[in-house]
Amino acid sequence: MPALLRTALLIVLWGCLAAPSFAHPSPFSYLDLRVKQGQLEGALVAHVVDLAHELGVSPSEQMLDPAASEAKRDAILQLLRARLIVSVDGRVLVPELLRLTPLSDRQAISLYLRFSDSASFGVLSVACQLFPYDAQHQTFLNIYEGDALVHQEILTRDRKTFDYFRGTRQGTMAVVRKFVLGGIYHIFTGPDHILFIVGLLLLGGTLARLLTIVTAFTVAHSITLSLAALSLFDIPSRLIEPAIALSIIYVGVDNLMVGSKGRDVRALIAFFFGLIHGFGFAGVLREFGLPRQALGWSLFSFNFGVEIGQVCIVVVVAGLLATLRKRIPTLSERIVTFGSGGVILGGSYWFIQRVFF
């Protein structure tokens, strides 16, 4: 038995010593994209284990032989064109493989690329999932303007795309378009924010008064959104999300307690709770990726888009409520009562969901 045990230990030890030459030591790729004199060039360093797996080469060390890797040039280029999509201003660029160089010390291959038709542009978009068979694989992206490193990003299985906005007029316009539309989209797909706004509208009032209330909300959430997006001050989402639900409940209860004849302090309510909602907006804005070259424009544009969405909601909802009150005056009190009840129920549902589930 001791002899068998020693033999087993020797086999395990041999396997551990031999493993480094075959195992995947680091599931990383490195991609440099360089904008220089109106031309976009790239350098990709990929591990031979990954390339060999995708190309059906075994053992993977064969790829370190210059002749063997050169023989796979067309297959490698086809792989890159399918899994590395680079576009400028929405126009997809076709990569050319200029040369490839085996890096024996790194067990990797360096691929030098040039992208066709890459003249002046405002936004550079990268969609990358080079080796999807490995769920842990990451691509470290460096973007250069000339010789200056201007941005770094990590692309993963869960984050496959990235947009880089250049500090040019074209880049600024691209930022404005993206973030204005992003703000509009977010307000229309955020039912909790919409219900909060609807709750503020139930007591009625002139269109100018209602727009003032919503603008107070916008000013407030713009302040906290900017602070959180710039990492100057932030509150964890596990606290913010329930607080947003409580703000909805408060608006509904306040409507029932004050009624249409009480003092109208909705602008103050909108401003106070807008500070809380702003932290919620910040989480969405971070997902967009704030461009360093146009921080001010991105924040302004996102807030402007949110305001556009809110104004649309005010016009539609306030118009419907005003029409109902005009045609059936007796419904005015019921609109406040039942509408506020619905607001309270919606806020209560979100609060329970966000705290206990």
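The largest pocket in this predicted model has a volume of about 180 Å³, where a pocket is an open set of points on a 1 Å grid over the protein atoms alone, at which a 1.4 Å probe fits and which has protein on both sides within 12 Å along at least five of seven lines, and where the volume is the space filled by probe spheres set on those points, joined across faces, edges and corners. Its lining, meaning residues with an atom within 4 Å of a point, consists of 16 residues, and Glu241, Phe279, Gly280, Gly283 and Val284 lie nearest the centre. The elements giving two or more residues to that lining are α6, α8 and α9, and α9 gives the most, with 5 residues; helices here are DSSP runs of H or I with at least four residues, strands are runs of E with at least two, and both are numbered from the N terminus.

A word on how to read this: residues are numbered from 1 along each chain as its sequence is written. Local features need pLDDT of at least 70, side-chain atom pairs count only at pLDDT 80 or more, totals for chains, interfaces and linings use all residues, and side-chain values use heavy atoms, with hydrogens and water left out.

If we leave out residues up to four places away in sequence, Leu285 touches Phe179, Leu225, Ala229, Leu290, Leu299 and Phe302, contact meaning heavy atoms within 4.5 Å.

Now to the strands. Why is strand β7, residues 123–128, described as largely enclosed by the rest of the structure? The reason is that 5 of its 6 residues are buried, which means under 20% relative accessible area, whereas exposed is over 50% and partly exposed lies in between, with a 1.4 Å probe and protein chains only. Strand β7 runs antiparallel to β3, residues 84–88, with 5 bridges joining them, and it also runs antiparallel to β10, residues 161–165, again through 5 bridges; two strands pair if DSSP finds at least two bridges between them. Ala127 of β7 is the bridge partner of Ile85, and in β10 the partner of Ala127 is Thr161.
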